[in-house]
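Here is a short briefing on one protein chain. Please keep the model open while you read.

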Amino acid sequence: MSNNVNNIVIGHVESAIFGDNSGIVNQGRSQPVAGSSQQYQHALIGQTGNLIQLLQPILDTSHTRNRETSPPNSACFPGTRRNVIRRIVTWADSTLLWNTHVLWLYGYVGCGKSAIALSIALKYERRQRLVGSFFFFRNTGDRGRMTRFATTLACQLAAAIPEAATFIENAVKAEPGLLSSNLVAQLRRLLYEPFRLAAKRGRLLKTSFLKGPFLIVIDGLDECEDRQEVQTFIDDMLEFFKKNPLVPLRFLITSRVEQHIQRHLENGQVRLENLVNHCTRDDIYAFIHTCFEEEKKRNAVIKAYIKKHGDWPTKGDKDQLVNYIGGSFFFASALFKYIIDPTNKQSTPMDRLPHTLSMNPDLDTLYANTLSRSQHLPYFSEIVSTLALLFKPLPIVGIAELLGIEAFEVVRVLVNLQAIIHIPDTDDLPVTMCHESLRDFLTTGTRSGVYFVSPLYHLKLSFDYFSLNLELPRDSSRRPSGLPRFCMQRCRDHSNEFLNAGSEQDFFAELNQLSYLPHRLSSYHLFSLTRVFFWIFGTDSHQKPQQVLQPLNECIESLALALECDSAPDKWLCTQMSEFGRFVGGPNPKEDVYCLEVDQEHAAKLQRNVERIETAIIAKCPDGLSESPTGNIDHFAGRHWFLDIWTPIEAYRFFEWINGHVQAGVKLSGPDVIHNFELCITRGDGLRNRRITISRSM
């Protein structure tokens with residue numbers, strides 16, 4: 001075994017949670033070491049003044065990150081992975097001209113890729129030959145994107161090899177637009193070229209000649225959401241090495257086998273290592289044996305059983321379990337926690353071991369069996385759905401505050417799920433999944449069945465963040481729960497995800513479901529107003545309703561209800577609706593045309609709702625109607641040319657203007673006559689050139 005593994009003592013493992021992710025033990029908080037974000041920030045400021053501030057790297061994506069707050073939380077279990085680590089080290093140390101510059105370590109979910117990447121990064125950091133590392137992770141903002149990939153590695157390069165810092169700074173100064181340029185330009189100017197030039201210096205030449213090449217570790221490339229950029233990165237990296245075959249630099253890349261990665265890495269320039277070929281039975285047995293030995297020291301029930309019946313589990317039991325597990329360390333870890341689970345008072349570990357061996361040997365069965373333990377509890381569906389769809393994990397109190405429930409209700413659900421969900425020891429750390437495959441399971445209906453988390457739940461999360469934004473105090477920048485002062489970015493993100501997944505019918509069906517939350521009724525009506533308003537009239541909504549009358553009436557009625565059920569609506573009535581969140585993304589067309597098919601019944605409903613709004617405003621905030629209407633018979637113009645920054649009062653004036661045209665058009669007709677109106681919003685070339693007109697079609 002490599003030195004770094006032999007130096008891990010069992011005493012450290014004993015206080016850890018076995019196998020939090022990918023095979024392996026939770027090593028707790030990472031302490032700042034050479035190359036950590038704190039140290040390379042200090043080094044860079046000393047070298048180039050403001051390079052850190054200029055490049056804005058991600059500080060929690062390297063091997064030195066705090067793995068409790070920034071998954072994956074994994075490390076190689078003592079005494080395992082010797083063969084594959086030895087093969088990677090032999091490749092990385094080789095200076096032979098025909099040696100490949102890139103090694104792709106691939107394998108299925110839970111076979112320990114991230115743990116091996118961590119071990120290799122730590123080893124080469126101690127050898128002072130690690131340029132940098134980047135551990136991708138989905139649903140964590142920039143850690144799941146290529147947006148700051150190049151700048152983050154450039155900062156790590158400057159810290160590891162100070163000679164490169166000057167070249168990086170010169171590149172940024174020479175090209176003012178570089179930091180907003182494409183990925184290829186950033187990688188070449190900020191990473192490849194600075195390393196190549198620095199490698200020609202005496203110290204680096206000596207190091208690479210005597211000790212071997214330098215290394216960059218990229219883990220979880222399949223976790224990156226920018227698939228096209230991933231392919232671009234691979235192609236450009238291989239092109240760089242083709243043009244510079246003597247450069248003393250190696251890339252270790254780990255990922256699952258995804259088509260967009262596989263077809264670009266499977267060529268003669270890349271060494272391929274299938275981790276499945278290195279998941280030995282002995283490694284799994286060593287892991288299982290040590291886990292049970294440690295548990296026997298502290299579990300009174302197991303001690304009592306052994307005293308009467310002899311050793312448990314027997315070697316035969318462990319052999320059966322190892323055969324059942326196959327080669328997945330994560331599966332082994334999850335099964336061990338399922339068997340030992342101290343929260344399960346209905347059975348003992350001795351009962352659960354044979355039951356485990358009777359299950360279908362796959363993660364889906366394990367996930368379903370574990371989730372079933374909390375399925376009957378209140379808020380189970382809401383809590384699990386929230387964990388599956390959050391863009392960034394929250395601590396227990398944050399989840400409770402977001403859902404509007406008590407923290408103990410979150411704990412009651414999660415405590416039964418510790419085989420698959422990591423619950424931190426302190427309130428300020430986020431709840432995370434032991435492995436991303438759980439999210440895949442929950443969001444794939446054909447696999448999860450009754451536990452399926454629909455993407456339509458994004459609208460509920462959007463509403464939860466919207467409600468919190470109204471409730472959060474304006475005089476504090478952060479909450480103890482980890483929720484931001486203003487939650488509208490998350491509100492918008494979840495709204496957009498919902499619109500991408502749902503239809504017009506889904507929109508109204510899901511919106512109606514939210515009305516059954518009495519503790520947030522006022523927030524619901526205001527949410528409904530802004531969501532529908534920006535869906536219809538926002539310049540950048542993803543899709544428009546086919547017929548605008550129903551959503552328009554819904555929008556107007558929502559404003560009436562919000563005013564009627566809120567005792568103090570003045571706190572939001574004159575607030576720009578953009579502060580409540582709007583849909584973002586998409587084109588900004590020159591003209592939007594909306595069709596309204598109106599009969600007398602619909603016109604009467606429109607009139608009633610407009611009158612309800614006026615009555616409520618006069619009763620509760622009479623100053624709100626102090627200004628005269630801004631529309632006339634020809635066109636309407638609010639105080640602001642951008643609908644995004646209209647207030648609810650301006651929206652009311654807009655509704656009042658539309659209603660006036662509708663009532664005039666249907667006044668003399670019979671009850672069954674349908675009148676067609678066209679509402680046209682035209683945008684000129686200038687920022688202030690907006691014209692809103694309405695006309696009746698003949």
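Beyond its neighbours within four places in sequence, L679 is in contact with F537, D592, V593, Y594, L596, F654, W657, I658, I692, T693 and I694. Apart from it lies another core, of 54 residues, including A150, A154, A171 and F195. The model is predicted.

- The largest nonpolar core holds 128 residues. L679 is one of the six members that touch the most others, with L414, L442, F533, F654 and F655.
- In soluble globular proteins, nonpolar side chains tend to be buried together.

**Whole chain**

- The chain has 698 residues, and 56% of them are buried.
- It contains 31 helices and 11 strands.
- Take the contacts between residues at least 6 apart in sequence: 76% join residues at least 24 apart.
- The accessible surface is about 29,400 Å². Carbon and sulfur atoms account for 51% of that surface.

**Cis peptide bonds**

- The bond from P71 to P72 is cis, with omega near 5°. P72 sits in the loop between α4 (51-55) and α5 (82-93).
- The bond from W312 to P313 is also cis, with omega near -10°. P313 sits in the loop between α14 (300-309) and α15 (315-325).

- R81 is not a glycine, yet its phi is positive, about 70°. R81 lies in the loop between α4 and α5. R81 is buried, with a relative accessible area of 1%.
- Q128 also has a positive phi, near 60°. Its place is the loop between α6 (113-126) and β2 (130-135). Q128 is exposed, at 64% relative accessible area.

Notes: Residues numbered from 1 in each chain as written. Predicted model: local features only at pLDDT ≥ 70, side-chain atom pairs only at ≥ 80, totals over all residues. Heavy atoms only, no water. Helix = DSSP H or I, 4+ residues; strand = E, 2+ residues; numbered from the N terminus. Buried < 20%, exposed > 50% of the residue type's maximum accessible area, 1.4 Å probe, protein only. Contact = heavy atoms within 4.5 Å. Areas by Shrake-Rupley, 256 points an atom, 1.4 Å probe, with all protein chains shown as cover. Core = buried A, V, L, I, M, F, W, Y, C linked by side-chain atoms within 4.5 Å.
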